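Me: I have a structure open and would like to learn how to read it feature by feature. Could you walk me through it?

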Amino acid sequence: SEVCRKLGPANCPCHSLVSARHLLTEPALLPHSTRCKPFLVYCDMSDGGGWTVIQRRSNGRENFNRKWNDYKLGFGKFQGKNDEYWLGNDHIYDLLARGARENSLKIDLMDWHGERRYAVYENFQLTNEQDNYRLWFGTYSGNAGDALSGGSSFEDQWSASHRGMQFTTSDKDHDRFLAGNCALESSGGWWFNRCHAVNLNGRYYKTGRYNGSHDNGIVWSTWHGMWYSLKFSAMKIRSPFFVDSESGDGEDGQGS
């Protein structure tokens with residue numbers, strides 16, 4: 001990895017940067033697809049280090065109510081710890097496909113009182129665009145509650161679990177809500193069911209509790225319910241050989 005940092009991505013084989021990405025002690029350029037095109041990632045060195053941050057919400061400056069192509073390619077800024085962005089579904093798929101078979105997903109959350117929660121999901125996977133970036137994940141651990149699985153009741157899980165759901169945006173509807181488009185109602189792209197128990201790409205409300213015709217905030221239902229919009233979220237991935245413990249902030253590092 002030291003050689004790769006000195007030479008730059010144009011002189012490094014794709015597999016060497018991908019396999020070394022969790023060992024880097026500074027931000028890195030990572031290769032995209034088989035053509036070895038580099039793209040930027042934000043490396044979070046909290047919680048033992050080695051996290052690649054794929055999403056962050058922190059201030060509401062970035063518009064997440066976007067269409068399919070933006071979510072496919074990525075948007076926002078991630079040079080600083082307060083920047084907001086979505087890495088891009090193509091990039092996330094490539095990172096997962098080229099890394100370990102069983103990557104961990106960690107989600108860091110913070111409410112408007114500064115209280116933090118986290119959720120970890122083992123075996124985090126996405127399918128490719130042909131299958132509309134279908135979401136798969138395994139065992140949950142943490143203290144935020146297993147909202148990605150839809151909550152505690154069977155009825156909620158049937159209609160709100162995100163496991164096996166395809167990605168939906170306002171212009172490409174792949175959810176299970178027959179009467180409409182969940183992305184239109186929820187103000188952002190996500191792996192909607194009918195519609196959600198989690199939506200970290202929703203509208204950024206600066207009041208915590210909010211009202212409206214739809215529960216379209218930054219929602220983690222098993223913590224603060226559907227009508228509380230969180231102040232901060234970060235989604236990040238790494239290989240399973242790292243041992244994790246407590247919640248981080250998705251901020252201990254920077255992009256390049």
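Me: Let's begin with confidence, then. What is the mean pLDDT of the chain, and where is confidence lowest and highest?

Reply: The general idea is that where pLDDT is low, the predicted coordinates should not be read in detail. Here the chain has a mean pLDDT of 80, with 75% of its residues at 70 or more. Helix α1 (residues 2-7) has the lowest confidence, at a mean of 28, while β8 has the highest, at 98.

Me: Which stretches have a pLDDT under 50, and how many contacts does the model have for them?

Reply: Residues 1-27 stay under 50, and for them the model has 44 contacts beyond four places in sequence. The pLDDT is also below 50 over residues 31-35, a stretch with 17 contacts in the model beyond near neighbours in sequence.

Me: Now a strand. How do I read β7: which residues point which way, and are they buried or exposed?

Reply: Start with the two faces, then look at the partners. S104, K106, D108 and M110 point one way from β7, while L105, I107 and L109 point the other way. Residues on both sides are buried, and for the strand, residues 104-110, that comes to seven of seven.

Me: Which strands does β7 pair with, and in what sense?

Reply: One partner is β14 (residues 232-238), joined to β7 by seven bridges in the antiparallel sense. L109 stands opposite S233 there. Another partner is β8 (residues 116-121), also antiparallel, over six bridges. In that pairing, L105 has Y121 as its bridge partner.

Me: On to the aromatic rings. How many aromatic pairs are there in the whole structure, and how are Y71 and W86 arranged?

Reply: A pair of aromatic rings is described by the distance of the centres and the angle of the planes. The search of the whole structure finds 15 such pairs. Y71 and W86 are one of them, edge-to-face at 5.6 Å centre to centre with 70° between the planes. This pair links distant parts of the chain, 15 residues apart: Y71 is in helix α3 (residues 68-73) and W86 in strand β6 (residues 85-86). Both residues are buried.

Me: And why is the pair of F167 and W191 called edge-to-face?

Reply: Apply that reading again: the ring centres of F167 and W191 are 5.2 Å apart and the planes lie at 85°, so the pair is edge-to-face. F167 is in the loop between α5 (154-160) and α6 (182-186), and W191 is in the loop between α6 and β12 (198-199), so the pair ties together parts 24 residues apart in sequence. F167 and W191 are both buried.

Me: Which residues do ring pairs link into a cluster?

Reply: The cluster contains F64, W68, Y71, F75, W86, Y133, F167, W190 and W191.

Me: Where does a charge sit over a ring?

Reply: Look at F64, a member of that cluster: the charged end of R57 sits over its ring, 3.9 Å from the centre. Elsewhere, R116 lies over the face of F232, at 6.0 Å from the ring centre.

Me: How many disulfides are there, and which residues are joined?

Reply: The count comes to one disulfide. This link joins C182 to C195, with an S to S distance of 2.0 Å. The angle about the S-S bond is -90°, and the link is left-handed. C182 is in helix α6 and C195 in the loop between α6 and β12, 13 residues apart. Both cysteines are buried.

Me: Last, the backbone. What is the peptide bond from R194 to C195, and which phi values do N132 and S187 have?

Reply: The bond from R194 to C195 is cis, with omega near 10°. N132 is not a glycine, yet has a positive phi of about 60°; this residue is in the loop between β9 (125-126) and β10 (135-136). S187, also not a glycine, has a positive phi of about 65° and is found in the loop between α6 and β12.

Me: Why do N132 and S187 count as buried?

Reply: The cut-off is under 20% relative accessible area. N132 has 15% relative accessibility, so N132 counts as buried. S187 is at 14%, so S187 counts as buried too.

Technical notes
Residues are numbered from 1 along each chain as its sequence is written. This is a predicted model: local features need pLDDT of at least 70, side-chain atom pairs count only at pLDDT 80 or more; totals for chains, interfaces and linings use all residues. Side-chain values use heavy atoms; hydrogens and water are left out. Buried means under 20% relative accessible area, exposed over 50%, partly exposed in between (1.4 Å probe, protein chains only). Helices (H or I, at least four residues) and strands (E, at least two) are DSSP runs, numbered from the N terminus. Two strands pair if DSSP finds at least two bridges between them. Rings of Phe, Tyr and Trp (its six-membered ring) pair if their centres lie within 6.5 Å; planes under 30 degrees apart count as stacked, over 60 as edge-to-face and the rest as tilted. A charge sits over a ring if NZ of Lys or CZ of Arg is within 6 Å of the ring centre and within 35 degrees of the ring normal. A disulfide is a pair of cysteine sulfur atoms within 2.5 Å. pLDDT is the predictor's confidence in each residue, from 0 to 100. Contact means heavy atoms within 4.5 Å.
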